[in-house]
Each structure stands twice: as structure tokens, then as C-alpha cells.
Amino acid sequence: MAVKAAPYAAMVMDARTGKVLHAQNADTRLHPASLTKMMTLYIVFEAVQNGELTMDTLVTVSKNAAAEPPSKLGLREGQKIKLRYLVRAAAVKSANDAATAIGEAVEGSEAAFARRMNRTAKAIGMTRTTFKNAHGLTAEGHLSTARDMTILGRHVIYDYPEYYNLFSRVTADAGVRTVSHTNRRLLQSYKGADGIKTGYTRAAGFNLVASAERGRERVIATVFGGQSTASRNAKVAELLDLGFRESPTRVAFLAPGKPPYLGRGAGSGGIVVANTSDPAPGTRAKSIRVASAAVSRSLRPQARAGSVAPAVPADDVAPLVAQLEEDIETVLKEVQSTSSAAAAAPVVVAASAAAPSASAKPIRRPQGVTLASAALRDTPTPAREAEVVTRLSTNDARHWGINVGRFQSRYAAEKILLKTALAETATLDGSLRKVVQGNRGFDANFMGLTRDTAELACKRLQARQVNCFMIGPS
């Protein structure tokens with residue numbers, strides 16, 4: 001079917017570096033149609049990662065969502081369906097009712113979700129995009145550009161790689177039925193194609209953001225205003241070919257850098273401070289607002305909380321372990337040589353019945369090491385068996401902490417804590433490394449910080465693209 005579409009626009013980008021290889025009319029604001037759903041899905045991935053809800057959260061379909069026009073999954077008002085099925089329907093079938101239900105589940109209303117979409121778009125560098133809804137059906141002022149959608153596609157690929165496979169599924173189980181991919185023809189015909197999103201309305205024409213990977217190279221091509229599915233796919237294939245011709249085989253990878261978390265309640269530019277407790281499924285964690293610690297750009301990829309920690313080569317881990325053992329031995333020797341019962345903060349103190357109630361001023365320990373306990377060696381056994389007491393220092397209201405991720409194993413969380421402590425001794429010196437097990441994994445926390453120190457630590461870690469949230473006093 002041929003239609004009179006909006007003006008043609010296109011962009012080709014080397015996904016590894018963000019270098020633009022081709023652009024035509026790329027900054028003209030046009031109707032994005034269902035390319036919009038890339039942002040809807042990007043935000044739900046972010047929401048799941050940050051504990052706002054889970055993929056198993058049951059979503060109650062509203063009258064508004066059920067009434068959306070096709071393409072749709074066929075949801076009914078009052079129906080309960082798991083979030084994961086809505087995500088599959090939006091990614092694979094481009095279902096409008098599923099997209100609206102997702103937005104309402106995350107933010108409570110479609111209007112609030114659109115505001116979050118716009119905050120997130122601005123944070124990742126989409127400078128000429130305005131979202132009005134979660135699905136992309138034509139609405140006044142709902143506009144984007146080929147450049148902005150290419151940028152968004154790149155962030156979807158690299159910010160949430162654990163979910164990217166959704167966009168390459170030819171079919172998917174959407175709970176109520178199996179759905180087929182809207183772009184299966186290109187996926188099946190173009191070598192290396194693995195996503196990501198189609199879009200069509202009368203006002204927009206046939207739009208597509210596509211990505212393909214061949215060997216070391218990955219290219220993203222975007223087309224707005226295609227005249228038909230076939231001609232659009234042919235043009236995208238041509239642009240992908242151009243991209244692979246122009247891209248060098250070897251190039252230094254430059255990740256786009258995940259934006260700061262701008263979840264519910266962070267609309268004024270602040271960051272949301274995580275709570276260490278795990279919220280019940282379908283609810284949001286308690287949060288408080290602090291000054292913004294946003295980092296506009298970084299050359300390093302960001303660690304993803306809630307996923308398995310990246311594998312660290314044995315050659316990298318061994319020196320860290322050896323250094324840790326050496327530092328621990330040094331601290332133990334210092335403890336032996338002190339005449340008081342004080343140790344590095346946070347500290348485990350051997351306290352006898354005659355010990356004074358006030359703690360002595362903590363001694364400084366070697367950089368990069370935090371001890372949860374330190375035993376005194378070769379000390380005479382008192383008449384009463386020594387009682388071991390663990391506590392955090394109260395100096396300077398050290399009741400704050402930071403969280404650097406949630407992981408699937410205690411080992412992964414402890415490994416990240418060790419690496420972070422050794423890398424950021426300036427602010428984390430004297431803090432307590434603490435792994436907190438919850439229903440959804442193991443939180444990696446540094447505790448025993450002042451508010452100022454915690455905020456500074458988060459800023460410094462975010463500058464290195466390390467995921468970080470402040471934890472307030474309980």
C-alpha cells in the first residue's frame with residue numbers, strides 16, 4: 001500500500017562510536033509513529049531495574065488502555081496481565097493497548113508517563129523530541145527526528161542489552177496469544193539484522209529504526225516517511241549496506257552512557273535515593289530527593305544493577321585479592337600495637353566489663369580497605385569473656401550510605417564492593433561494605449557515611465559511570 005507520507009528523513013550511525021555516517025533531513029521534526037514505543041520500553045526497563053515494579057507485576061488494564069485503536073493485543077478493561085507480556089506485545093507486535101497499559105503501570109497515568117518520557121529523552125540527548133503518549137499514534141505536538149530516534153535506538157541496545165533480544169523475536173508469547181514481529185521480513189532477509197522498531201501512521205508514513213551486526217561492526221539505520229513497507233525495507237537495507245561500507249572493522253568502542261535515573265518524583269532534575277528495603281511487587285520503594293548528581297557524558301559503560309556482574313579476568317582479580325590480604329594484615333598489626341581498644345571505623349571493638357562507654361577516636365586504616373571486624377591478637381584473656389560489638393560510628397552523623405548495584409549473587413555484590421572501595425578511597429575511606437539480601441537479589445552498599453560524603457561519593461562514582469544511589473538514615 002502506497003501513501004502520501006511525511007517528508008523523507010534518514011540517518012546512519014556506527015553504533016559502536018555514535019559517529020554519523022549519513023544524514024538527510026535528519027533534524028526535521030516529524031511524526032515518529034510507533035518508534036515512540038522504543039522510549040516506552042526503555043523506561044519500563046529502567047523502572048524494573050530500579051525496583052519500581054517487576055516483570056511479574058500484575059497490571060490491571062484500564063478503560064483507556066483497552067480502548068486504544070489497532071495495532072493492539074486485544075486487552076479488556078479490568079483484565080490483569082503480567083508486565084512481561086505487555087512488554088513483549090509492545091516490542092514485537094507494536095500493540096498500542098499494551099503500550100498505554102505499560103505507561104499507566106509505571107507512572108499512574110498516560111500524561112505522567114509522557115512527562116517522564118520527555119525527561120528521559122532530554123537526558124539522553126534527544127534535543128528535538130516531544131512525546132505526548134506512550135504508543136505513538138498521531139497527536140498534536142508529538143514529534144521527533146531521525147537523529148533523535150537513532151540516538152534512542154543506540155541507548156536501547158547498549159543501556160539494556162539484557163532485554164534487546166526482544167526486538168529480534170519473530171514471534172513471542174504475549175500471554176493471551178502469540179504475536180508476530182512487525183518487521184520479520186527484514187529480520188529474516190537482511191544478514192545480521194536483529195531489531196529494532198517499526199512505525200506507521202498516515203501522518204508519518206512507514207518509519208523504521210533498524211540495527212544489524214556483522215562481526216565486529218554494528219550499524220543503526222533510521223528512515224522516516226517511507227512510501228510502503230517494501231520500499232522502506234529496501235531503503236533501510238541500502239542504508240545498512242552503506243553503514244557497513246563506511247564503518248572501520250576495528251574501532252575503540254564508546255558506550256553512549258546511561259543517563260541518571262529520573263524515575264517517579266524526580267521531575268525537577270534531582271535524583272531518587274534508593275531505599276535498601278525491597279518493595280512489594282507492584283509497589284515503589286520509598287525515596288527522598290537530594291541535589292542532582294547528573295553526569296552528562298562518560299566514556300565508560302555503566303554497571304547495570306539487578307544483573308549479573310560483568311566477568312572480571314582472573315588477572316585483574318588476583319592483584320585485588322592479594323592487595324586486600326596485605327592491607328588486612330597491616331591493619332591487624334596496627335590493632336595489635338595500639339594501647340587502646342579502638343580500631344578503624346566502622347569497627348568491631350573488643351569491650352570488657354571495665355571498658356569505658358565512649359568510643360575512642362577511630363584510627364585511619366590503609367586506603368582501599370574496609371573491615372567489618374578486627375580481632376585483637378595475643379591479648380590476655382580477661383576474667384569475663386570479651387564481648388564483640390559491631391556498630392557504625394556516629395561521628396558527624398554518619399548514618400548515610402550509598403548503593404552501587406543489585407546483583408544475583410553475594411559473591412558478585414562483594415566483588416563490586418571491593419573494586420569500588422579500591423578505586424574510590426577518597427570518599428569511601430572509613431565506610432562499611434555491606435551486602436543486603438532481598439527478595440530480588442543482593443544489594444551492594446557502603447554504609448557509615450555523612451550525607452555530604454555520600455553525595456560526593458555518588459557524584460564521583462557516577463562520573464565513572466558506576467551506578468550509585470544514596471541511602472538515607474533508616
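Is Phe167 buried or exposed? At 0% relative accessibility, Phe167 counts as buried, where buried means under 20% relative accessible area, exposed over 50% and partly exposed in between, with a 1.4 Å probe and protein chains only.

## Before we start

This is a predicted model, in which local features need pLDDT of at least 70, side-chain atom pairs count only at pLDDT 80 or more, and totals for chains, interfaces and linings use all residues. Residues are numbered from 1 along each chain as its sequence is written, and side-chain values use heavy atoms, with hydrogens and water left out.

## Around Tyr164

A search of the whole structure finds seven aromatic pairs. Here, rings of Phe, Tyr and Trp (its six-membered ring) pair if their centres lie within 6.5 Å; planes under 30 degrees apart count as stacked, over 60 as edge-to-face and the rest as tilted. Tyr164 and Phe167 make a tilted pair, 5.9 Å centre to centre and with 35° between the planes. Tyr164 counts as buried too, at 8% relative accessibility. Elsewhere, ring pairs join Tyr42, Phe45, Tyr160 and Tyr163 into a cluster.

Tyr164 belongs to helix H7 (residues 161-164). Helices (H or I, at least four residues) and strands (E, at least two) are DSSP runs, numbered from the N terminus. Leaving aside neighbours within four places in sequence, Tyr164 is in contact (heavy atoms within 4.5 Å) with Val156, Ile157, Asp194, Gly195, Ile196, Ser211 and Arg218. One of these, Ile196, is 32 residues from Tyr164 in sequence, and the two are 8.3 Å apart in space, C-alpha to C-alpha.

## Charged partners

Side chains of opposite charge can pair when their charged atoms come close. A salt bridge is taken here as a side-chain nitrogen of Lys or Arg within 4 Å of a carboxyl oxygen of Asp or Glu, and by this rule the count comes to 13. In one of them, the side chains of Asp14 and Arg16 meet at 2.9 Å, N to O; both residues are buried.

Asp56 and Arg84 form a salt bridge at 3.0 Å, N to O. Asp56 lies in the loop between helix H1 (37-49) and strand E3 (58-60), and Arg84 in helix H3 (residues 83-93), so this pair ties together parts that are 28 residues apart in sequence. Asp56 is partly exposed at 41% relative accessibility, and Arg84 is partly exposed at 25%.

Glu238 is partly exposed, with a relative accessible area of 45%, and Lys235 is partly exposed, with 25%. There is also a salt-bridge network that links Glu46, Glu52, Glu107 and Arg116.

## Nonpolar cores

In soluble globular proteins, nonpolar side chains tend to be buried together. A nonpolar core here is a set of buried Ala, Val, Leu, Ile, Met, Phe, Trp, Tyr and Cys residues joined through side-chain atoms within 4.5 Å. The largest one has 63 residues, and Met39, Phe45 and Leu83 touch the most other members. H1 gives the largest share of this core, nine residues.

Not counting residues up to four places away in sequence, Leu83 touches Val44, Val48, Leu53, Thr54, Met55, Thr57, Val59 and Ile102.

## A four-stranded sheet

Next, look at an open sheet of four strands, with the order E15-E16-E14-E17 and antiparallel pairing. Two strands pair if DSSP finds at least two bridges between them. Strand E15 (432-438) and strand E17 (469-471) stand at the edges with a single partner strand each, so one side of each is left without a neighbour in the sheet. From one strand to the next, the twist averages 35°. E15 and strand E16 (residues 441-449) pair in the antiparallel sense over seven bridges, and Arg433 stands opposite Phe446 in E16.

Helix H11 (residues 410-423) lies across strand E14 (400-407), E15 and E16, running at about 155° to E15. Helix H13 (residues 451-463) packs on the sheet and touches E14, E16 and E17, its direction making about 35° with that of E14. For these values, axes are lines fitted to C-alpha atoms, for helices over the stretch in contact, and angles run from 0 to 180 degrees between N-to-C directions.
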